[in-house]
Amino acid sequence: MIQPRKIVILGHFGVGKTSLIRQFVETSFSEDYLVTVGVHVKKKDVTINNDSVTLVIWDIEGTSKISETRASYLLGSSGFIYVYDVSRPETYKNLEEQVDYLKNQFPAIPVMIFGNKCDKFGDEISKSFFENAPYNQSLFTSAKTGENVEEGFKQLTIKTLEKHES
Ligand SMILES: Nc1nc2c(ncn2[C@@H]2O[C@H](COP(=O)(O)OP(=O)(O)OP(=O)(O)O)[C@@H](O)[C@H]2O)c(=O)[nH]1
Ligand SMILES: [Mg+2]
């Protein structure tokens with residue numbers, strides 16, 4: 001039996017945390033913005049190499065600083081997803097600092113960075129800008145089209161399995 005994995009989705013307000021989870025768990029998307037207050041927890045089983053792993057996904061309210069997040073939301077996590085919105089610079093201006101904070105506080109826990117709303121890439125928002133440091137570790141996702149959403153959650157699940165095995 002593989003232990004369930006607690007995954008916490010972090011990032012500024014409105015970057016698409018709830019939408020990414022909805023796309024991943026229910027394969028649906030809505031243009032409406034309903035601010036998350038507090039925390040919502042959803043579960044989904046993923047299959048990795050014929051093994052089923054239950055993800056317990058914590059959808060928390062947006063915050064510009066992780067240090068202001070309640071400690072109880074983060075405790076006991078197996079993985080973190082830090083989400084920014086490629087169309088809103090204020091959501092990635094402090095990205096490095098936020099990811100460093102997580103890595104310092106939780107050195108053993110894998111972190112994935114999602115550059116979300118990648119369906120908006122085009123003339124005004126250029127993908128190549130994000131492919132340069134410090135954003136080059138991001139996976140570009142779209143909760144709207146579903147691009148890389150399942151893939152991203154699966155990559156993180158694999159990382160959590162590697163950590164537990166070592
Ligand atoms: N075009 C586009 N819009 C998106 C995408 N993801 C989310 N949105 C829209 O962005 C808005 C905010 O989405 P949410 O998922 O509620 O954002 P959130 O990060 O959960 O927000 P908080 O709970 O307030 O922190 C909504 O209007 C969504 O429809 C995406 O990938 N592409
Ligand atoms: Mg939300």
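**Figure 1. Lys 117 sits in the loop between S5 and H4.** Helices (H or I, at least four residues) and strands (E, at least two) are DSSP runs, numbered from the N terminus. This is a predicted model, in which local features need pLDDT of at least 70 and side-chain atom pairs count only at pLDDT 80 or more, whereas totals for chains, interfaces and linings use all residues; side-chain values use heavy atoms, with hydrogens and water left out. Residues are numbered from 1 along each chain as its sequence is written, and chains are lettered from A and ligands numbered from 1 in the order in which they are written. Although Lys 117 is not a glycine, its phi is positive, at about 70°. Most residues other than glycine have a negative phi.

**Figure 2. A network of salt bridges links Asp 85, Arg 88, Glu 90 and Lys 117.** A salt bridge is a side-chain nitrogen of Lys or Arg within 4 Å of a carboxyl oxygen of Asp or Glu. Side chains of opposite charge can pair when their charged atoms come close. Asp 85 bridges to Lys 117, with the closest N and O atoms 3.0 Å apart. This pair joins distant parts of the chain, 32 residues apart: Asp 85 belongs to strand S4 (residues 79–85), and Lys 117 to the loop between strand S5 (111–116) and helix H4 (127–131). Asp 85 also meets Arg 88 in a salt bridge (3.5 Å, N to O). Arg 88 in turn pairs with Glu 90, the closest N and O atoms being 3.2 Å apart. Relative accessible area is under 20% for buried residues, over 50% for exposed ones and in between for partly exposed ones (1.4 Å probe, protein chains only). Asp 85 is buried at 0%, while Arg 88 is partly exposed at 25%, and Glu 90 is partly exposed at 43%. The whole structure holds 6 salt bridges.

Figure 3. Thr 18 is partly exposed, with a relative accessible area of 26%, whereas Thr 36 is buried at 12%.

**Figure 4. Ligand 1 is surrounded by 22 residues.** A residue is counted as near the ligand if one of its heavy atoms lies within 4 Å of it. The closest are Lys 17, Ser 19, Ser 30, Tyr 33 and Asp 119. A polar side-chain atom of Thr 18 lies 2.9 Å from an oxygen atom of ligand 1. A backbone N or O atom of Val 15 is 3.2 Å from a ligand oxygen, and a polar backbone atom of Lys 144 is 3.4 Å from one.

**Figure 5. Asn 49 is in the loop between S2 and strand S3 (51–60).** Asn 49, a residue other than glycine, has a positive phi near 50°. Asn 49 is exposed, at 70% relative accessibility.

How values were computed:
Polar contact = N/O pair within 3.5 Å; in protein donor to acceptor, adjacent residues only side chain to side chain.
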